Amino acid sequence: MARIAYPIIILNFKNYDQTVGKKGLYLSKIAEEVAKELSVSIAVCPQTVDLRKIAEEVDIPVLAQHVDANDSGSFTGNNLLQAIIETGAVGSLVNHSEHRLKLSDIERIVNKANSLDFFTCVCSNNLQTSKAIAALNPVACAMEPPELIGSGVSVTTQPDLVKDTIKAITDINHNVQPLVGAGVSTNQDVLEAIQLGAKGVLLASGFVKAKDPKEVLLRMAEAIL
Ligand code: G3P
């Protein structure tokens, strides 16, 4: 998969005010600077309307926050996979806790994405759903306990859940990169995630809402190194 490497830090911009338009580009440039300064793999997930602009301006992987399962045709308001690819995005989050999908749609998206060499990071909310998702063969599966999302309390405060989930994912399908997210806010959280066996982290508020996002990301990238 072009330009995606592990361990990886994936930054989800969500619909935060701090990521709208030029602010999203500014944060993406910070991510690019840190990725280059420390040679660490960092991807950004800007708001959908900003995908093309940001993909044109930065030389790190740009991912969509969501893609739909439908084919081209008479559908309104969906994120058509082919159209997302055309923006310059190289992959997408799928089934984020804040944008849940049916299992059959996740399967459709993953199959289509795999055939187009398009990166998928499918989110799960616990160990059991992580197993189901691993069986669908996405590139990565990011387990995020919903109650910790945006809480500032890291998923790594539940080390057994993280370890068991990573083992379950790799037992079902060793090709799937196990990631974790929710509440990841500090370099220590990132370090613990990697030490527990994750191939990367998915985070949002700890970066987007930080007083000094570059400083926070630099420390996280150092932890990954
Ligand atoms: O997509 C990442 C996310 O759901 C976790 O959010 O704010 O807890 O890092 P946050």
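A backbone N or O atom of Gly183 lies 2.8 Å from an oxygen atom of the ligand. The model in which this distance was computed is a predicted one. In Ser205, a polar side-chain atom is 2.4 Å from a ligand oxygen atom, and in Asn12 the corresponding separation between a polar side-chain atom and an oxygen atom of the ligand is 3.0 Å. On its own, the ligand would expose 310 Å², and the protein buries 100% of that area.

The surroundings of the ligand can be described residue by residue. The ligand is surrounded by 13 residues, and the closest are His96, Gly150, Gly183, Ala204 and Ser205. Sorted by class, this shell consists of six nonpolar, five polar and two charged residues. The space that the ligand takes up is the largest cavity.

The next stop is the loop between β1 (8-12) and α1 (22-38), where Phe13 is found. Is Phe13 buried or exposed? Phe13 has a relative accessible area of 0%, so this residue is buried.

The peptide bond leading from Tyr6 to Pro7 is cis, and its omega is near 0 degrees. As background, most peptide bonds are trans, and most residues other than glycine have a negative phi.

Asn95 is not a glycine, yet its phi is positive, at about 60 degrees. Asn95 is placed in the loop between β4 (91-94) and α4 (103-115). The relative accessibility of Asn95 is 6%, and therefore Asn95 counts as buried, the cut-off being under 20%. Ala182 likewise is not a glycine and has a positive phi, in this case about 100 degrees. The loop that holds Ala182 runs between β7 and α7 (187-195). Ala182 counts as buried because its relative accessibility is 5%.

Asn173 lies in the loop between α6 (159-172) and β7 (177-181). How is Asn173 classified at a relative accessibility of 11%? Asn173 counts as buried, because 11% is under the 20% cut-off. A polar atom of the Asn173 side chain lies 3.0 Å from the backbone nitrogen of Asn175.

Asp71 belongs to the loop between β3 (63-64) and α3 (81-86). Its relative accessibility is 38%, so Asp71 counts as partly exposed; this class covers values between the 20% and 50% cut-offs.

How values were computed: Residues are numbered from 1 along each chain as its sequence is written. This is a predicted model: local features need pLDDT of at least 70, side-chain atom pairs count only at pLDDT 80 or more; totals for chains, interfaces and linings use all residues. Side-chain values use heavy atoms; hydrogens and water are left out. A residue is near a molecule or strand if one of its heavy atoms lies within 4 Å of it. A polar contact is a pair of N or O atoms within 3.5 Å; within protein, one must be able to donate a hydrogen and the other to accept it, and residues adjacent in sequence count only if both atoms are side-chain atoms. Accessible areas come from the Shrake-Rupley method with a 1.4 Å probe; for residues, only the protein chains shown count as cover. On a 1 Å grid over the protein atoms alone, a cavity is a set of points where a 1.4 Å probe fits but cannot get out, and a pocket is an open set with protein on both sides within 12 Å along at least five of seven lines; lining residues have an atom within 4 Å of a point. A molecule sits in a cavity or pocket if more than half of its atoms lie within 2 Å of its grid points. Ala, Val, Leu, Ile, Met, Phe, Trp, Tyr, Cys and Pro count as nonpolar, Asp, Glu, Lys and Arg as charged, and the others, Gly among them, as polar. Helices (H or I, at least four residues) and strands (E, at least two) are DSSP runs, numbered from the N terminus. Buried means under 20% relative accessible area, exposed over 50%, partly exposed in between (1.4 Å probe, protein chains only).
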